[in-house]
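Here are some notes for a first reading of this entry. Please keep the sequence and the 3D view open while going through the points.

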Amino acid sequence: MFNEKQLVLNRRLFIQGCTAAGVGACGAMSSLSAVAAAKVTMGFIYVGPRDDYGYNQAHFEGKSALAKLDWAKAVDEENVPETIEVQKTMESMINLDGAQVLFPTSFGYFDPHILAMAKRYPEITFLHCGGLWDAQKHPKNVGSYFGYIDEPVYVAGVVAGHMSKSKKLGFIAAMPIPQVLRNINSFALGARSADPSVTVTVVFTGGWSNPVKEAESANSLIDQGADVLTCHVDSPKVVVETAEKRGVFSCGYHTNASVLAPKGFLTGAEWNWSGVYTNYAQLIRDGKPIPNLIRGGLKEGVVKVSPYGSAVSPAAKEAADAVIKQFMEGNMVVYKGPIKDNTGKEVIAAGAQHAQQDIWLESMDWLAEGVVGTTK
Amino acid sequence: MTALRETWIISLAALALAFSLVAIFFATTGNSPWEVFYTLYRGAFGSWFSWQNTLVRAAPLMLTALCTVLPARVGLIVIGGEGAVVVGGLCSALVGITLQDQSPVLVITAMVLTGAITGGMWIAAVGALRYFRNVNETISSLLLNYIAIAILNFLVIGILKDPATLNNPSTHSIGEQNMIGQIGDTSIHWGLAYGIIVCVMLWILCRRSTFGFAADVVGGNIRAARLAGLPVAKVLLWCCFLGGAAAGIAGVLEVAAVHGRANSALNAGYGYAGILVAFLARQNPLAVIPYAILLGGIQASGGLLQRAHDLPDATVNVIQGIIFMVILSSEMFYGRFKWLQAKN
């Protein structure tokens, strides 16, 4: 009987909360205390450590931005595996901390964990990073948000293409899944827009956090002549530091990695979750409906380009700035034909184009011409 | 029965010492130990919700602990629970997917049997390498974990991948109707019952059967066992098989009760946490149950520690590490104190 009791309790608390929120919203102008009573409580869950210089740190920074708001409370938990443990963490945040909204940020949390909890707690909102909310299949109290991070990755590619002397770039990737392949291809397309003779050699490590393999791959890519490295793994720390130690350039990913490589850091792709999370908190506070699907790129401020490192040449800066400008104006399309894959097959015909919002891009299973590697 | 009083007193004293050391650790982080202990208690056992949280986490630990306990009866130190979980889970998922449309009872039975047999064979291989080729079982079982995980990742990213699981490569689903549900109204799945039943059954086997006696003789002195005419190879391989089978069932439960499919989440560290439980329980299948619950409780309250006291997640590892070291060190006090020995 426990669950029903809990649910009743939650519902009661929730109704109280709603009433308070309503009162708060009505009297926002007149009474500060009513607003204070309607604190928005949000729970964040990370699959890795908060300070990984990567994916999890990006979310932690987003969560930390909420701490500045006196009407919001954010709790978080790190190193939560994608097992029943994440379900328990969600329940614990709901039952013990009174969280109204949960942000389980790892991709593997979605199915079955978030879906199971959303069914059990219909009055709580679950917002998931990276998933694709489907109105037909998924509950209404679930939503997903993500950014077109391949836009700043493309910009980093442009810079890398300009700065490389050997014309060989290295990309260390976790596994050949669509999100990762899209970043590799965007990086290669960016670099080859600067210089069509550039090649990008990709190494898959097989896991999101595999520091030993990441270091080995970085070293072997440098041994093969690569002079700019970048990556798509949970934390770019190992790759960027190895590149710096070996005296080659690097591009970051997830967060600003310039402190790890003061000499060789060029630029990188970063998330800007603080903006996204503050917007969500504001919507909840105002009692407005929360959109089930949020996507955005550089223009919408969901992602950003890291400040250029000291090594970046003026010509590279100029070229990259021009691309950023096009993205900001909304008339830059990365996947514009003709594009061939690296086996010579045409994947996007001349004249055809796939804008960022195109769902087709989210099932990518090919590597673009100029990428050395295979998706198998 | 004679050693029972000694076991109780030394274990409790060790736990008390461990928790005092943990208290000192909390004090160094600038927290009041009492408050942190209260949070630990609240997160692990303080309410029915916390109890459910604890028991759900304890279930797989009971089964993976047995993977170290059973081989230890014959004197082998096996740390391959993780690999057996992965192999058992993966193979049972394949069976579940193939039999999907049969009756759920048949599907679950077939899955549990597959998981137990494949997990058992995995660890039996460790025993065979040890017995016939003299390969160190600790090293081989550890390395087999990596092989199991690599096979899982290879198959799940490759030929077994459900194309719909784009960014989280997984096998196809075994079907909602074939999942093992929750116990009554609780949020605890039936895996807990499997854990307790297997622990009790193996305790009976170890303590109340000729097989268990033979295993103890083999573990005590393998040459004496041979001279006494015991089928040493058979006993040794069966112990390894049974341990692996228990861990294999833990993998089945991850698939059939939690995920509905096999993916890299199978390799979540239950096998390694089980080693800790096995040593805390001093390789006694029945003692595995309370120690798995204790460890499940510490893990369950880990989240609350982070949220309520701003302690890092590593705190849980520190607590587990301190308990582990103290309990292991306490082994040297067995048989040292006369007043603890039973008077015959």
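The points below go from the chain as a whole to its salt bridges and then to the interface.

1. The model is predicted, and should be read as such. Chain A has 11 helices and 17 strands. Of its 376 residues, 57% count as buried.

2. The accessible surface of chain A is about 15100 Å², and carbon and sulfur atoms hold 56% of that surface. Among the contacts in chain A with a separation of 6 or more, 67% are between residues 24 or more positions apart.

3. Over all chains, the structure has 21 salt bridges. One of them joins the side chains of E78(A) and R50(A), at 3.3 Å from N to O. This pair links distant parts of the chain, 28 residues apart: E78(A) sits in the loop between β2 and α4 of chain A, and R50(A) in the loop between β1 and α3 of chain A. Both E78(A) and R50(A) are buried.

4. A salt bridge of 3.0 Å, N to O, also joins the side chains of K167(A) and D195(A). K167(A) is in the loop between α6 and β6 of chain A and D195(A) is in the loop between α7 and β7 of chain A, so the pair ties together parts 28 residues apart in sequence. D195(A), at 17%, is buried, because the cut-off for buried is under 20% relative accessible area.

5. R246(A) and D223(A) form a salt bridge through their side chains, at 2.7 Å from N to O. R246(A) lies in the loop between α9 and β9 of chain A, while D223(A) belongs to helix α8 of chain A, so parts 23 residues apart in sequence are tied together. R246(A) is partly exposed at 36% relative accessibility, and D223(A) is exposed at 57%. Elsewhere, R50(A), K63(A), D76(A) and E78(A) are joined into one network by salt bridges that share partners.

6. The contact between the chains takes 36 residues from chain A and 31 residues from chain B. About 3100 Å² is buried between chain A and chain B, with 54% of that area from carbon and sulfur atoms.

7. How many salt bridges are there between chain A and chain B? The count is four, including the one between E85(A) and R57(B), at 3.4 Å from N to O. On the side of chain A that touches chain B, α4(A) gives the largest share, 11 residues. The residues of that side divide into 12 nonpolar, 12 polar and 12 charged.

Note on methods
Residues numbered from 1 in each chain as written. Chains lettered and ligands numbered in written order. Predicted model: local features only at pLDDT ≥ 70, side-chain atom pairs only at ≥ 80, totals over all residues. Heavy atoms only, no water. Contact = heavy atoms within 4.5 Å. Buried area = accessible area lost by both parts, 1.4 Å probe. Helix = DSSP H or I, 4+ residues; strand = E, 2+ residues; numbered from the N terminus. Nonpolar A, V, L, I, M, F, W, Y, C, P; charged D, E, K, R; others polar. Buried < 20%, exposed > 50% of the residue type's maximum accessible area, 1.4 Å probe, protein only. Areas by Shrake-Rupley, 256 points an atom, 1.4 Å probe, with all protein chains shown as cover.
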